[in-house]
Amino acid sequence: MGSRRTGKVFRAVVFALTAFMIGFAFVHSSMSAAASSVESAEALDFITQIFRSFGFSIEMTDHIIRKLAHFSEFTVIGGLLTSCAYSFDRFKPYRYIFAVLFTGLFTAVIDEFIQLFSDGRSGEIVDVLLDFSGVVTGTLIMLLFYKIYINIRTKSKRDKKENGTD
C-alpha cells in the first residue's frame, strides 16, 4: 500500500515540476527582446564571474548564453518528461519514448511559436532543433539513470532474497 501511495506522490510531483518547467520556458519566450537581453546580460555577467573566481577567463556572448539557456531548459524538460513516463512504468519507461519525444518536440514548436508574437523576437527552426536536442539529451540521461537505478534495486532485492533477509 505504501508503495502505491509513494508512486502517486512521485507522479504528482514530477507532473507538477514538468508543468512548471514548461510554463517557465513559455514565460521566457513571451518576454520582449529588450527584457530577454537584460536577463541574458545578467546571466552572462554571473557566469563570467563564476569562471573568473576559479581563475578561468572565458569569452562568451549573449548569443551563446541564449542558446545554452534554450538547450538547458529543454534538457530539464526532457528529463522531467522521461520521469513522467517512469511514473507509469517503473521497469520499462522506454515504452513511452515516442510520447516523451513527441511532447518535447511539440513543446519546442509551441515555445518558438510564442516568440513570433513577442516584441522584437522571432521563432526559429534552428531553435526548435536545439530545443529538441535538449529534450533528447535529457531523455537519454534519465533513461540511463533509471536503467542503473532499476538494476541496483533488482540486484538488491535478489541479494536479500538469496540471503533470506527479505
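Which residues make up the largest nonpolar core? Some notes on that and on two other spots.

1. Ground rules: this is a predicted model, where local features need pLDDT of at least 70, side-chain atom pairs count only at pLDDT 80 or more, and totals for chains, interfaces and linings use all residues. Residues are numbered from 1 along each chain as its sequence is written, and side-chain values use heavy atoms, with hydrogens and water left out.

2. The core has twelve residues: Met21, Ile22, Ala25, Phe74, Ile77, Leu80, Leu81, Ala85, Val100, Ala108, Val128 and Val135. (A nonpolar core joins buried Ala, Val, Leu, Ile, Met, Phe, Trp, Tyr and Cys residues through side-chain atoms within 4.5 Å; buried is under 20% relative accessible area, exposed over 50%, with a 1.4 Å probe and protein chains only.) Helix 3 gives the largest share, five residues. (Helices are DSSP runs of H or I, at least four residues, numbered from the N terminus.)

3. Thr139 sits in helix 5 and is buried, at 1% relative accessible area. A polar atom of its side chain lies 2.8 Å from the backbone oxygen of Val135. Beyond four places in sequence, Thr139 is in contact (heavy atoms within 4.5 Å) with Gly78, Gly79, Thr82, Ile97, Val100 and Leu101.

4. Helix 2 buries Ser36, Ser40, Leu44 and Thr48. Those buried residues fall within an arc of 105 degrees, so they line one face; the arc is taken over directions from the helix axis to the C-beta atoms. They pack against helix 3, while Ala34, Glu42, Phe46, Gln49 and Ser53 are exposed on the other side.

Technical notes:
Helix = DSSP H or I, 4+ residues; strand = E, 2+ residues; numbered from the N terminus. Polar contact = N/O pair within 3.5 Å; in protein donor to acceptor, adjacent residues only side chain to side chain.
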